[in-house]
Amino acid sequence: MLAIDDDSTPSKPEGSGTFRMATWNIVDGKGGRLTQAAAGLAQMGVGLAVLTETKLVDDRHPKSAAGYSIMCSKAVSGHQGGVALLWKEDDPKFEVESVLFNNGPNIVTFQATT
């Protein structure tokens with residue numbers, strides 16, 4: 001996992017401050033692994049994460065876990081591909097305004113406003 005670390009300084013009204021972002025290849029998102037990944041991210045204080053290799057071929061996955069909202073793309077097959085975006089809905093430091101999965105199963109576009 002790659003995480004952008006910070007000192008957990010809360011955001012300030014004028015817009016300064018930091019939050020943690022991460023990317024993580026979870027190898028497989030089935031069998032409760034998205035929920036486990038969310039719990040691990042919460043333990044590390046990550047606010048927003050992109051998970052790769054979720055291998056989910058349908059929309060049957062948790063939509064939230066451990067305080068995170070979860071959106072996933074559909075993988076090409078149950079053996080490869082797929083991404084998920086997880087973010088803390090109630091994080092005072094940022095807000096995810098839009099999420100779009102397009103141009104294939106491994107591309108996610110999102111707008112986070114701080």
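Asp28 is buried in this predicted model, with a relative accessible area of 15%. Because a residue counts as buried under 20%, that value settles the label for Asp28. Arg33 meets Asp28 in a salt bridge, with N and O 3.4 Å apart. Lys30 also forms a salt bridge with Asp28, and here the closest N and O atoms are 3.9 Å apart.

How do the two partners sit relative to the surface? Lys30 is partly exposed, with a relative accessible area of 32%, and Arg33 is partly exposed as well, at 38%.

In total, the structure holds three salt bridges. Here they are side by side:

| Salt bridge | N to O distance |
|---|---|
| Asp28 and Arg33 | 3.4 Å |
| Asp59 and Lys63 | 3.7 Å |
| Asp28 and Lys30 | 3.9 Å |

Let's turn to the pair further along the chain. The side chains of Asp59 and Lys63 meet in a salt bridge. Asp59 is partly exposed, with a relative accessible area of 47%, and Lys63 is partly exposed too, at 43%.

Now for a stop on the surface. Which residues gather in a patch of negative charge there? They are Glu89, Asp90, Glu95 and Glu97. One of them, Asp90, lies in the loop between strand S6 (83-88) and strand S7 (95-101).

Notes: Residues numbered from 1 in each chain as written. Predicted model: local features only at pLDDT ≥ 70, side-chain atom pairs only at ≥ 80, totals over all residues. Heavy atoms only, no water. Patch = residues over 30% accessible without salt bridge, like charges linked within 9 Å, V, L, I, M, F, W, Y side chains within 5 Å. Areas by Shrake-Rupley, 256 points an atom, 1.4 Å probe, with all protein chains shown as cover. Salt bridge = Lys/Arg side-chain N within 4 Å of Asp/Glu carboxyl O. Lys, Arg positive; Asp, Glu negative; His and termini not counted. Charge placed at Lys NZ, Arg CZ, Asp CG, Glu CD. Helix = DSSP H or I, 4+ residues; strand = E, 2+ residues; numbered from the N terminus. Buried < 20%, exposed > 50% of the residue type's maximum accessible area, 1.4 Å probe, protein only.
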